[in-house]
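This briefing goes through selected features of the structure shown below, taking one chain and then the other. Please read the points with the sequence and the structure side by side.

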Amino acid sequence: MHSFGYRLNALLTLGVTTLALMCAMASFSDNFNHPSPSANVQVMNVNWFQKQSSGNDEVSLTLKISADLQSTFTWNTKQVFAFLAAEYETPGNSLNQISLWDSIIPSKERAKFTIHTKNKYRLIDQGSNLRGKEFNLTLHWHVMPKTGKMFADKIVMTGYRLPVDYR
Amino acid sequence: MDWQGQRLSEQLMQVMLLTFAVAAYLTGFMVNSFRLMMLIFAGSVVLTALISVPNWPLFDRHPLKWLEPSVAEEFSREHPQKPVSALAASGKKKSSKK
């Protein structure tokens, strides 16, 4: 504590260390949040369903996605990244996961929503296995923090089936 | 600053910073505002710097009594074998007062 510069340096160092500690505690406090999210997806329409020239099946869907992710937000949440994946099994792959739609939710107010949309990303199979296929639609979300640990979770919705014939 | 002042300044700095940090965290947590916590903390760093870093008079309440140069010279003349600081030895030659 001998000179002005010495004292200033000591203060700033302690300040930065304390800041790191506060951020760690803020991240830790996220563990005490027990979210209760809900989601529901309806396949409104199968727009078309074709085998492409590559030999792979492709299907276009119109979806109605409604979800309430408000309880996942904490004081330490920067945004929530949510995406909807179609999941099914084929003889070649034990699990196929195809992202159909995603969204960045920047605030708690925007976390409760219902949207009608065509799938944002194409649903193309590795092969030609989609006719009559049973699949799940899973809403995944990543709670991205302002500082610290990111939490990820999902809701699996089962019981969807693709048409038996191309259209 | 004198020695006591240095100690006071350091203690003041540490206590102020840590107390304000706890207060900032609790306030932010209660109000659910990360931004508020950061603002309070930034303000407290500035406040602590203003109070504990500059050389305020309150840190100079126990000044050290340095010896007068002439007294030091006199001492060294009476005790010629004792080591004498270069400053005192080559310092201004004042006529010694007895």
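In chain B, 24% of the 98 residues count as buried, where buried stands for a relative accessible area under 20%. The model is a predicted one, and the values given here should be read with that in mind.

- Chain B contains 4 helices and 0 strands, which gives the pattern α-α-α-α when the chain is read along its sequence.
- When contacts in chain B between residues at least 6 apart in sequence are considered, 61% of them join residues that lie at least 24 apart.

**Chain A: an open sheet**

- In chain A, 4 strands make up an open sheet with antiparallel pairing, and their order across the sheet is β4-β3-β7-β8.
- The edges of this sheet are formed by β4 (96–105) and β8 (151–161) of chain A, each of which pairs on one side only.
- On average, neighbouring strands of the sheet are turned by 20° against each other, with direction ignored.

**Chain A: the pairing of β7 with β8**

- Strand β7 of chain A, which covers residues 134–145, is joined to β8(A) by 9 bridges, and the two strands run antiparallel.
- For A:T138, the bridge partner in β8(A) is A:V156.

Key: Residues are numbered from 1 along each chain as its sequence is written. Chains are lettered from A and ligands numbered from 1 in the order in which they are written. This is a predicted model: local features need pLDDT of at least 70, side-chain atom pairs count only at pLDDT 80 or more; totals for chains, interfaces and linings use all residues. Side-chain values use heavy atoms; hydrogens and water are left out. Two strands pair if DSSP finds at least two bridges between them. Axes are lines fitted to C-alpha atoms, for helices over the stretch in contact, and angles run from 0 to 180 degrees between N-to-C directions. Buried means under 20% relative accessible area, exposed over 50%, partly exposed in between (1.4 Å probe, protein chains only). Contact means heavy atoms within 4.5 Å.
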